Each structure stands twice: as C-alpha cells, then as structure tokens.
Amino acid sequence: MEPISLTTERLLLRPFGPQDTYRVHAACQDPDIQRWTVVPSPYRLTDAELFTAQLSPDGWRDDSAYNFAMVLRETGTLVGAVGLDRRSNPATYEIGYWGAREHRGLGYVTEAVLACARWAFTSLGADRLEWRAETGNRASRAVALRAGFTLEGDQRSGLLNKGVRRDAWTAALLPSDLGLPGAHPYLPEPHGGAGRPGPAADPAR
C-alpha cells in the first residue's frame with residue numbers, strides 16, 4: 001500500500017521515516033517503554049534506524065504492518081507511535097502503541113488509536129481490531145478501554161517479550177462499537193444461549 005497520513009483534531013499521523021530516527025531513539029530510552037513493549041532493551045540508535053528506515057517502510061510496501069508517527073499538528077513534536085499489524089485471521093488486525101513520557105496523560109494516544117481504528121474499518125476492510133498487552137500494563141489497558149475496546153480475557157503465555165513468555169490481557173474493537181458497518185455480516189452469540197452440551201451429548205464421553 002502507498003503510505004498515507006491521517007489527521008485528528010490535534011495530531012498528524014504519518015508514516016515513520018529516517019528523519020524520525022533520533023526522536024524515536026530518545027523516546028525509547030524511557031524505561032517504561034522498554035519494560036512493557038517489545039522494543040529492544042537497551043534501545044540503541046541502530047534499533048531506531050532499523051525501525052524508521054526499514055521495518056516501517058517495509059510494512060507499508062508488503063501490507064503487513066502500518067506504523068504511524070504521532071506528531072502534534074501545531075509544533076511537529078513526536079508524541080508517540082501507533083501501528084496496525086495484519087493477523088492471519090481474515091480482516092483482523094492487531095493494534096499497538098506507545099506514548100512519549102513527557103506527553104502522557106493528555107489523551108494523544110487514545111485520539112490516535114481511534115483514528116487508526118476508523119481507518120482500519122473504513123479503508124482496510126477490517127472487521128476486528130485486537131489489542132494485547134502484558135498483564136499489569138494498566139496504562140495500555142486504560143487507553144484501550146477509553147477507545148471503546150471490550151476486554152475479552154487473559155492469555156497464559158500470550159506474549160513473547162525479550163525472550164520471556166508472559167501472560168497477556170486481550171481486548172477487541174468491532175466496527176459496530178464505533179457505529180460503523182463491518183465488511184462482513186456478524187452474528188453474535190445470543191445472550192443466554194444453549195451453552196455447553198450436557199453429558200449425553202458430549203462426544204468425548
């Protein structure tokens with residue numbers, strides 16, 4: 001896909017490029033970003049160069065990932081990153097994000113997540129947007145909940161971060177959660193349905 005940019009009330013969401021290398025490197029020195037995300041630790045300048053000049057552009061070219069720099073429209077200041085990764089399940093994407101420490105608590109990440117979600121549902125044909133974070137990452141969970149995601153449960157050993165398997169929280173956002181139509185019909189399980197089969201109907205017994 002040809003890289004595109006999105007705008008919100010306060011933000012320009014644009015593809016990363018080599019001009020962002022030093023700012024990404026500086027932001028990712030934050031211990032919280034290194035602790036809770038899968039960025040390398042320690043985070044070297046070469047890691048930032050790889051992300052801005054190769055991994056992000058490659059993702060757009062092969063339609064595997066769409067990473068956006070979150071930039072203030074008024075000043076051009078980098079305040080975070082948000083990205084969508086294509087999942088193996090059709091029309092399903094996973095969203096990830098981080099906010100620069102000095103710009104947290106101002107709603108920028110939530111604003112960016114909502115813009116990316118609307119773009120995914122209207123332009124990518126997404127039917128489901130998934131969020132996962134290591135259990136205990138309450139800041140990331142708070143953003144997901146503010147953006148309208150519904151928590152769906154816990155995954156044991158759901159994430160691999162720096163060579164260690166960790167438990168994860170999971171949530172999802174659907175087009176209907178934002179008042180948008182989906183690419184395919186969705187038939188949810190009726191509330192109070194039949195539930196699990198009884199012993200007589202269990203083929204394993």
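**Note on the predicted model: salt bridges, sheet and cores**

1. The count of salt bridges comes to 15. The model is a predicted one. The points below take up some of these pairs, then the sheet, then the cores.

2. Start with Arg104. Its side chain meets that of Asp30 in a salt bridge, at 2.2 Å from N to O. This pair links distant parts of the chain. Arg104 sits in the loop between E5 and H4, while Asp30 sits in the loop between helix H1 (21-27) and helix H2 (31-36). The two residues are 74 residues apart. Is Asp30 buried or exposed? Asp30 has a relative accessible area of 6%, so this residue is buried, the limit being under 20%. Arg104 has 34% relative accessibility and therefore counts as partly exposed.

3. Arg104 also forms a salt bridge with Asp32. Here the closest N and O atoms are 3.7 Å apart. Asp32 lies in helix H2 and Arg104 in the loop between E5 and H4, so the pair ties together parts that are 72 residues apart in sequence. Asp32 counts as partly exposed, at 34% relative accessibility.

4. Helix H2 has a further link, through Arg35. The side chains of Arg35 and Glu134 meet in a salt bridge, 2.8 Å from N to O. Glu134 is in strand E6 and Arg35 is in helix H2. They are 99 residues apart, and the pair links distant parts of the chain. Which of the two is buried? Glu134 is buried, with a relative accessible area of 7%. Arg35 counts as partly exposed, at 34% relative accessibility.

5. Salt bridges also form a network. Arg87, Glu94, Arg128, Glu130, Arg132 and Glu152 are linked in it.

6. Now the sheet. Eight strands form an open sheet, with mixed pairing. Their order is E1-E2-E3-E4-E5-E6-E8-E7. Which strands are the edge strands? They are strand E1 (6-7) and strand E7 (150-161), each pairing on one side only.

7. Strand E4 (residues 78-86) and strand E5 (residues 92-99) pair in the antiparallel sense, over seven bridges. Gly83 stands opposite Gly96 in E5.

8. Helix H3 (residues 45-62) lies across strand E2 (11-15) and strand E3 (65-72). Helix H3 runs at about 125 degrees to E3.

9. The largest nonpolar core has 37 residues. Ile95 and Phe149 have the most contacts inside this core. Which elements give two or more residues to it? They are E2, E3, E4, E5, helix H4 (108-123), strand E6 (128-134), helix H5 (138-146) and strand E8 (164-173). H4 gives the most, with eleven residues.

10. Look closely at Phe149. Leaving out residues up to four places away in sequence, Phe149 touches Ile95, Val113, Leu129, Glu130, Trp131, Ala144, Ala171, Ala172 and Leu173. Of these, Ile95 is the other residue with the most contacts in the largest core, and Glu130 belongs to the salt-bridge network.

11. Another core lies apart from the largest one. How many residues does this other core have? It has 15 residues, among them Phe16, Ala27, Val39 and Ala81.

Terms used. Residues numbered from 1 in each chain as written. Predicted model: local features only at pLDDT ≥ 70, side-chain atom pairs only at ≥ 80, totals over all residues. Heavy atoms only, no water. Pairing = 2+ DSSP bridges. Helix = DSSP H or I, 4+ residues; strand = E, 2+ residues; numbered from the N terminus. Contact = heavy atoms within 4.5 Å. Axes fitted to C-alpha atoms, helices over the stretch in contact; angles between N-to-C directions. Core = buried A, V, L, I, M, F, W, Y, C linked by side-chain atoms within 4.5 Å. Buried < 20%, exposed > 50% of the residue type's maximum accessible area, 1.4 Å probe, protein only. Salt bridge = Lys/Arg side-chain N within 4 Å of Asp/Glu carboxyl O.
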